[in-house]
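Open the model in your viewer and keep the selection panel at hand. The tour begins with one element and then widens to its chain.

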Amino acid sequence: MRGKAWALVALALAMAMLVPAVAGAEDKVVKIGALYPMTGRAGLYGLDSVAAAEMAIAEINGKGGVKGYKLELISTDSQAKPDYSVQVAKRYITSDNVHFLFGVVSSGVGLALTEVSKQYKKIFIGTDHASTQLTVDKLQPYYFRVSNNTFQSMAAGALDLKERQKAKPWQTIAYIGPDYAYGHDQWNELKYNLDRFGVKYKVVGEYWPKLAAPDYTAFITSIIKDKPDILISGLWGGDTVAFIKQALPYGLFQKTLFCSPDAGGNYEVMSATGDELALGLVLSARHHNNWPGTEANKKFVSDFFKKTGRYPSYSAEGAYAGVYAIAQAVEKVGNPDDAEALVKAFEGMKLKLPEDPDGFTSYIDPLTHQIVQVQAIGETVANKDFPPATRMLGNWKIYKAQEILPPPEYLKEHGSDYLKGRMK
Amino acid sequence: MEAASDKKALLFWGLFLVVFALVPISRNDYYLAMANRILVWGMFAVAFNMLFGVTGMLSFGQALFFGLGGYGVGLMVKYLGQAWFLAGLGAGVAAAAVVAYLLGYLVIRVSGVFFTILTLAFGQLAWQITFRWYRVTGGDDGIQGLVPTGILGDHIVYYYFCLILVACSVWFLKRLSASPQGLILRCVRQNPARVRFLGRRVRRNQRRIYVISSVFAALAGGLMAGVDNSIHTNMLNWTTSGEVILMSVLGGIHQFFGPFIGAAVIKVIEDVVGARTEYWSLIIGLVMMTMVLLFPRGLVGEWVSFKARMRSGGARKEGV
Amino acid sequence: MDSSFLLVQFVSGLTMATLLFLVASGLTLIFGVGGVFNFAHGSFYMLGAYLAYTVVSLAHGNFWVAVLAAGLGAGVAGMIAEAAFLRRIYGRSEEGGFQILLTYSLILIIDDLVKLVWGTEYKSLSRPAGFTGSLVIGDVTLPSYNLAIVGVGLLVVVVAWWVLSRTRPGRIARATALDRETMGVLGVNVPLTMTLVFGIATALGGITGALAAPLRSVTPGAGIEVIIDSLIVVVLGGMGNFWGAWLAALLLGEVNAIAVATVPEWASLFSYLVMVVTLIFKPEGLFAPRQVRKV
């Protein structure tokens, strides 16, 4: 019995330690309620995003904040669970009185939260999730996204393939992607864009391993049998790592050109494959640590490294951009409370970001609320500037922002009622 | 423990209804959603415990039915429109009854751990199907925009709608638990051989409670769709089944209301701990371990035995 | 489809099958001998991968030393978990439920401890020296590391067979599985036997995590990702049946390899299909499971 009593005391103490964590309310703050996964295989993206958002907030507050307001970030582990995230978002809105919902890696969570944002008329800044649906099929007035979606990545990928076909004719293509919405969306959008750009191709294989599948050998040997000229991959994170590691000894990368335009060029892929990342793979991501070579990007990457002791994955820059977008909107409106005026301020906002090359400034498309950015696709080359990675991307091809946006006919076919209403 | 006096039971029910009925006065949507969540999960846990605590069948696959309820609403609304919300709720529950009846024949051929693992296997199969059949189910994107039409579209009205349904369901389950049928179910757990000697069929009783428990799981899933206004394949994942087991054990599996209290505690802890630390899983893990090792009777069970000890000077000890 | 492709595809299936079996072997062993369903088995697999990473990259250790260290580390961790926690709930009524909850709590705790120690960044482990290339015969390419894994898998099967059926501790373990009380009366230290078997089982998990690390990504959450697949293997093989698990893993690996080559769009459902069809006709698995004491 005494053991139990002690355990009770210990439990009570543990609980008590958790209580006094809420900071006292300050008078003029812009509160940002962030939801990111911080556990599991996507935890890396969440922790990088929070670190980058905090970095941006420290920079802005260090300069005195905006219009007398200080920025404040509250973050919660979304656990990548939509139902839990909805509950947290409701707490943010009604108890914590946040001005903005922020973040989210999984599109499933993003879609659930955009529903909450619509109901409560609370602006939701998407920083990472890539499903095109959020800015097309499910677009609502209070949603904005500050990183590229899969349509943009796939359009850039299609343009890259078009150029390659001119240089060195290829005919056959195969696809491997995780067997869920994200994987299927990418393949559909790639084919749509290849057709749109008039590229002729023949599909010789489609492979759908399950998400987080540990073994790809059977897929690899089967792909080799198909002999595609081009292999498009829609895998992400650990799945890309496992695929590349398992494909290497089969010599797959000598036999076919491996191309992964949305998430293949994420830094964590390069850091986790090291020397086993074959050279000459065609990859991209939504932000690169070594492109563009502008001062802003170099500063962003080195500041992040100073803060965390590691180099950022692509998601960090999205969160960083999101905070700056909020600061700029509040600056323009003068307060963080007038949601309608803030929506107007976000629409068409120009935003100079670390990932913008010289001569280009990102902007938020007033129609779709989607940020419009340049997409750079690179090839893997030896580069030891960002250890533990020993390969980084190089030989960049740059695709203009306007060319990779969904065309009006796509928006007309797929757009939400709100979007269609605005197109008239 | 079933012998609590009528007066006490009445008091409990009155208190329960008053406390939950007063939540909307806070005019805070977060508290409202939280209370709604506790109600729905509480019902889910109580229904689950009819299977586990009462009949001794540890299903690790109740997420299947929870999800079926949710997707009944989700698919109806997605393909037929918002007016079909309530019809979807009914369809989900009906589908759960049919699936549970059929699946019952497959999984109730084995007992003990085999039953647990089989239910887990079928639950995961259902999860995989919804996850991958994304053209129909929306897959990992889930389904959004699940708002009932008419006055139910109002959060407060919907809350009372849930409160009434949950109260009726829990009342029904309580009656069932105290009925002769409930007694037979307890015998099935404690001594199946004797049930057979008495001329009752063990399997048939097991199947019956499996269907009943699953129907309420589906009702819970359908109601949750209206609380969050969205559903997701996570509803069908094994973690959902695991959570409901945890709620039951935390509250106490040999107390009728134990699982309900367990659900409330888990939902609050999840939120409070999650809001304060990213190491929520460590803390929840430690709480869970402490409960299992030191307080196997659960919160309500320990409380009941504590009271009993106080009354009889520590002489009485209830069997676990 | 020519014969060289079939051979390559067969070896692909074999690689997958061997890794599946290696993870599942520990799970089925502890279930067979101790009647414990260790839901946290995947966490010991993950622990093994991280330990191997640490030994190789920080201590500049030899890969094979790292594999052994991973097995040792996971084994010791398992023995601690068994002696400190699991032992306390043996013999309770509704033990099954408590087992699942207790091992589930271990998953949550180990996941966060791994995150505290190693962070969330992906870790990389290269193939060991001498196993980076491939065996090439004409059209047939067979990566040497994959062949090594298949070899290790066979070795484990043979050693386990030998230990379980030819040595005294093995016989004691099998007898304990059948009747704990009698073994206790006969003077066998049953609690110690249980702890040791649990340690061996988690060590198998740890070794597999280390062996698989060069082929996969070492990330948090890896434990949960392997547990469900291993579970399918264990269920198919007849729970607690060591050889059954091996044959079930082979079946799943090869079915998957053939499905990927012939009907790729449906391939991912095949392992579930095999499981469901089996369970409908034989709810206790393809091979006879060990008799489980009433839980």
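How many residues does helix 2 of chain C have, and how far does helix 2 reach from its first C-alpha to its last? Select residues 41-58 of chain C. Helix 2 has 18 residues and reaches 26 Å, close to the 26 Å expected at 1.5 Å a residue. This is a predicted model.

Next, colour the buried residues of helix 2. They include C:His41, C:Gly42, C:Ser43 and C:Phe44. Further along, C:Tyr50, C:Ala52 and C:Tyr53 are also among them.

Step just past the end of helix 2. There, C:His60 takes a positive phi of about 50 degrees.

Chain C holds eleven helices and two strands. From the N terminus, the order is α-α-α-α-β-β-α-α-α-α-α-α-α. Along the principal axes, the C-alpha atoms fill a box of roughly 60 × 50 × 35 Å. The radius of gyration of chain C is 19 Å, which agrees with the value near 19 Å for a compact globule of 295 residues.

Buried residues make up 63% of the chain C residues.

Finish with the surface and the charges. The accessible surface of chain C is about 11000 Å², and 71% of it belongs to carbon and sulfur atoms. Select the 16 positive and 15 negative side chains: the centres of the two sets lie 12 Å apart.

Definitions and conventions
Residues are numbered from 1 along each chain as its sequence is written. Chains are lettered from A and ligands numbered from 1 in the order in which they are written. This is a predicted model: local features need pLDDT of at least 70, side-chain atom pairs count only at pLDDT 80 or more; totals for chains, interfaces and linings use all residues. Side-chain values use heavy atoms; hydrogens and water are left out. Helices (H or I, at least four residues) and strands (E, at least two) are DSSP runs, numbered from the N terminus. The expected span of a helix is 1.5 Å times one less than its number of residues. Buried means under 20% relative accessible area, exposed over 50%, partly exposed in between (1.4 Å probe, protein chains only). The radius of gyration is taken over C-alpha atoms; the globule rule is 2.2 Å times the number of residues to the power 0.38. Accessible areas come from the Shrake-Rupley method with a 1.4 Å probe; for residues, only the protein chains shown count as cover. Lys and Arg count as positive and Asp and Glu as negative; His and the chain ends are not counted. The place of a charge is taken as NZ of Lys, CZ of Arg, CG of Asp or CD of Glu.
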